[in-house]
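Please read it beside the sequence and the coordinates.

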Amino acid sequence: VDDAAPSRTTWLVVKRDVATVSWARRGDATRTTLAAAFDAGAARREEDEAPLPVFAFLPIAPANLKFVLHADWVLASSRETVREDSAWNQWLREEAAALFVDALRAVKAGAGSALEGFDVARVLEALPAEQEVV
């Protein structure tokens, strides 16, 4: 029996609703939503941070990100990876970059201000370096 108190984590979630583009359609979808979630709890030590997965309604695979990224990705048949050869996924990846900018703007405008220690610097810390992206 584990007597440890349950842990609670607070997340700042930013969403981006976008119209689809003609060169990257997915069925008859005309809009889709992407979401990024940033751990807004007390700052954690870097050695405690595990890479967070990308989601397509359920967790898919670790993506070496320091924030959760959700989108309607086209998945491999195993549901374990995002298909890199999909025009739709490539377009979503571009939109994810814009979503990250939206998150910075939202925090700068006051989103998360009630969360102690959560500021633009915390969002920037989640920005992956080029060699970290899988």
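## Burial and surface

Of the 134 residues of the protein, 33% count as buried, where buried means under 20% relative accessible area, exposed over 50%, and partly exposed in between (1.4 Å probe, protein chains only). The accessible surface comes to about 8700 Å², and carbon and sulfur atoms account for 52% of that area. Areas were computed with the Shrake-Rupley method and a 1.4 Å probe; for residues, only the protein chains shown count as cover.

The model is predicted: local features need pLDDT of at least 70 and side-chain atom pairs count only at pLDDT 80 or more, while totals for chains, interfaces and linings use all residues. Residues are numbered from 1 along each chain as its sequence is written, and side-chain values use heavy atoms, with hydrogens and water left out.

## Fold

The protein has 2 helices and 5 strands, and from the N terminus on its elements run β-β-β-β-β-α-α. Helices (H or I, at least four residues) and strands (E, at least two) are DSSP runs, numbered from the N terminus.

Among contacts in the protein with a separation of 6 or more, 50% come from residues 24 or more positions apart. A contact here means heavy atoms within 4.5 Å.

## Strand pairing

Two strands pair if DSSP finds at least two bridges between them. Strand E3 (residues 52-55) pairs with strand E4 (residues 59-65) in the antiparallel sense over 4 bridges. In this pairing, Leu-52 stands opposite Leu-65 of E4, and Phe-55 stands opposite Pro-59 of E4. E3 and E4 form a hairpin with 3 residues between them. Phe-57, in the turn, has a positive phi of about 75°.

E3 is also joined to E5 by 2 bridges, and these two strands run parallel. Val-54 has Leu-69 in E5 as its bridge partner. In a regular strand the side chains alternate between the two faces of the sheet.

A search of the whole structure finds 5 salt bridges, each defined as a side-chain nitrogen of Lys or Arg within 4 Å of a carboxyl oxygen of Asp or Glu. One of them joins Glu-95 and Arg-16, with the closest N and O atoms 3.0 Å apart. Glu-95 counts as buried at 16% relative accessibility, whereas Arg-16 is partly exposed, with a relative accessible area of 23%. Salt bridges link Arg-16, Glu-95 and Asp-102 in a network.

Asp-17 forms a salt bridge with Arg-31, the closest N and O atoms being 2.9 Å apart. Asp-17 lies in strand E1 and Arg-31 in strand E2 (residues 31-39), so the pair ties together parts that are 14 residues apart in sequence. Arg-31 is partly exposed at 46% relative accessibility, and Asp-17 is partly exposed at 45%.

## A salt bridge between loops

The side chains of Asp-72 and Arg-26 meet in a salt bridge of 2.9 Å, N to O. Asp-72 lies in the loop between strand E5 (68-70) and H1, and Arg-26 in the loop between E1 and E2, so the pair ties together parts that are 46 residues apart in sequence. At 22% relative accessibility Asp-72 counts as partly exposed, and Arg-26 counts as partly exposed at 30%.
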